[in-house]
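Please walk me through this structure in running paragraphs. I would like the cut-offs behind each term stated once.

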Amino acid sequence: AVVVFAYYLLITAVLIWAERRVVARMQSRLGPNRVGPFGILQTLVDGAKMFFKEDITPGMVNRIIYNVAPVIGVVAGFLVIAVIPIGGEVTLFGETFTLVVADLSIGVLWILALGSIHVYSVFLAGWASNSPYPLLGGIRSSAQMISYEIAQGLAVASVIIYTGSLRVSDIVAGQSGPGVIDGVPAWYAIPLFPAFLVFVVGMVAEAGRPPFDLAEAEGELVGGFNTEYSGMRFGMFMLAEFMSVVTMSAIVVTLFLGGPAGPTFGLPDSVAWILPILWFFLKMVGFIFFFILLRGALPRYRYDRLMNLGWKILIPVALVWTMVTATFVL
C-alpha cells in the first residue's frame with residue numbers, strides 16, 4: 001500500500017512541474033527554471049509555500065463542511081487507486097504477490113463509486129462557502145457530474161459485459177496475450193472503441209480539467225468553488241485535481257489499454273517482472289501528456305454546450321454501444 005501510494009504521489013508531483021513546462025513550451029515561454037535543474041524543485045517549493053501560507057477562514061462559512069470538503073477530494077483520489085494494478089506478479093522474500101493494494105471482486109464499482117464521491121468535495125466546498133461564485137461552481141459540478149457520469153458508467157458497463165467480471169485483474173487478464181488480428185494487441189479500446197471515446201471525454205470532465213473546468217472557470221466565477229479557500233486547504237484542492245489526472249489516466253489504461261499487460265520479449269522471469277511496471281507507466285504517461293495538451297490547446301467549453309454534449313451525444317452513444325456489446329456477447 002505504501003509503495004503504490006508513494007508511486008502515485010510522486011507522479012503527481014512530477015506532473016505539476018511537467019505541465020507547467022509543457023504548456024510553457026506550447027506558448028513559447030520558459031516555465032519554471034530557477035529552483036533546481038530545469039526548475040524541477042519548483043513543485044516542492046510551491047508545496048512548502050502553501051503549507052506555511054496564512055490560512056484565512058471567512059466569517060460567513062459553515063466551518064465543519066468548509067474544512068471537510070478538501071479532505072474528501074484528496075481521500076477519494078487516493079482510495080480509487082487501491083484496485084488498480086501498477087505491475088504484474090513480483091516475488092520478494094519467497095512470497096509472490098501482485099502489485100495492487102486490493103484486488104476486489106467489485107473493483108470496477110469501487111472506481112465508479114469513489115469517482116462520484118469526489119464530486120462531493122467540490123459541491124460541499126461551494127455550498128459551505130456561503131458566497132455566490134463558489135455556490136455557482138458547486139452547483140455546476142453537480143449538474144456536470146450527472147451528465148458525464150451516466151455516460152461514463154455506461155462505457156464501463158460495456159467493458160464489464162465484454163469481460164464478464166467486475167474484478168479489475170480479470171479485465172487486465174482479458175487484454176493480455178495476442179489479439180484477434182496478428183500483431184494487434186487484445187486491448188478493449190479496439191472492439192469497444194465508441195465506449196473508449198466516451199470514457200476519455202468523461203474522464204476529462206470528471207478530472208475537472210480544461211476544456212471542462214467549468215466548476216472553476218476563473219473568467220466567469222472568479223475561482224469557482226475554491227474562491228474562499230487559501231493556504232493548505234486550497235493546496236489540497238490543487239493536489240486533488242492533479243491527482244485525478246493521474247488516477248483517471250491509470251483507470252482508462254487499465255480498462256481499455258491492457259494496464260500492465262504487454263510483451264515480455266522472451267526475457268527470463270528474473271528480469272521480465274519489471275516490464276509490466278514499465279508498460280503501465282508509459283501508457284499512463286501518454287494519457288497524462290494528453291491532459292496537458294488539452295489544457296494548452298483548447299478554449300474552455302461554454303457550460304450549456306457541455307451539458308448538451310453529455311445528454312445529447314455521450315449518453316445516447318454509450319447506451320447504444322452497451323446494447324450492441326451485450327447483443328454481441330450473448
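A search of the whole structure finds 16 aromatic pairs, where rings of Phe, Tyr and Trp (its six-membered ring) pair if their centres lie within 6.5 Å, with planes under 30 degrees apart counted as stacked, over 60 as edge-to-face and the rest as tilted. One of them joins Phe290 and Phe291 in an edge-to-face arrangement, 6.4 Å centre to centre with 65° between the planes. This is a predicted model, in which local features need pLDDT of at least 70 and side-chain atom pairs count only at pLDDT 80 or more, while totals for chains, interfaces and linings use all residues. Residues are numbered from 1 along each chain as its sequence is written, and side-chain values use heavy atoms, with hydrogens and water left out.

Phe290 counts as partly exposed because its relative accessibility is 30%, whereas Phe291, at 1%, is buried. Ring pairs also link these two residues with Phe193, Phe196, Phe199, Phe256 and Phe287 into a cluster.

A nonpolar core is a set of buried Ala, Val, Leu, Ile, Met, Phe, Trp, Tyr and Cys residues joined through side-chain atoms within 4.5 Å. The largest such core has 72 residues, and those with the most contacts inside it are Tyr8, Phe199, Met203, Val252, Phe256, Phe280 and Met284. Helix H9 gives the most to this core, with 12 residues. A second, separate core of 10 residues includes Ala125, Ala128, Ala215 and Tyr229. Contact means heavy atoms within 4.5 Å. Leaving out residues up to four places away in sequence, Phe199 touches Gln152, Ala155, Val156, Met248, Ile251, Val252, Leu255 and Phe256.

The helices come next; helices (H or I, at least four residues) and strands (E, at least two) are DSSP runs, numbered from the N terminus. The expected span of a helix is 1.5 Å times one less than its number of residues. Helix H3 (63-79) has 17 residues and reaches 25 Å from its first C-alpha to its last, close to the expected 24 Å. Its buried residues are Tyr66, Ala69, Pro70, Gly73, Val74, Ala76, Gly77 and Phe78, and what covers them includes H1, H4 and H9.

Helix H4 (residues 107-128) has 22 residues and reaches 32 Å, close to the 32 Å expected. Among its buried residues are Gly107, Ile111, Leu114, His118, Val122 and Ala125. An α-helix has 3.6 residues a turn, so residues three or four places apart point the same way. The buried residues of H4 pack against H3, H5, H6, helix H7 (193-206) and H9. Ser169 belongs to helix H6 (residues 168-174) and counts as partly exposed because its relative accessibility is 27%.

Helix H5 (residues 132-163) has 32 residues, so it should span 46 Å, and its end C-alpha atoms are 46 Å apart, which agrees. Just after H5, Gly164 takes a positive phi of about 80°.

Some backbone details lie in other loops. Most residues other than glycine have a negative phi, and most peptide bonds are trans. Phe38, in the loop between helix H1 (2-26) and helix H2 (42-52), has a positive phi of about 60°. Phe38 is exposed, with a relative accessible area of 60%. A cis peptide bond joins Pro210 and Pro211, with omega about 5°, and Pro211 is in the loop between H7 and H8.

Asn226 is found in the loop between helix H8 (218-221) and helix H9 (231-256). Is Asn226 buried or exposed? With a relative accessible area of 10%, Asn226 is buried. Leaving aside neighbours within four places in sequence, Asn226 is in contact with Glu216, Phe234 and Phe237.

Terms used:
Buried < 20%, exposed > 50% of the residue type's maximum accessible area, 1.4 Å probe, protein only.
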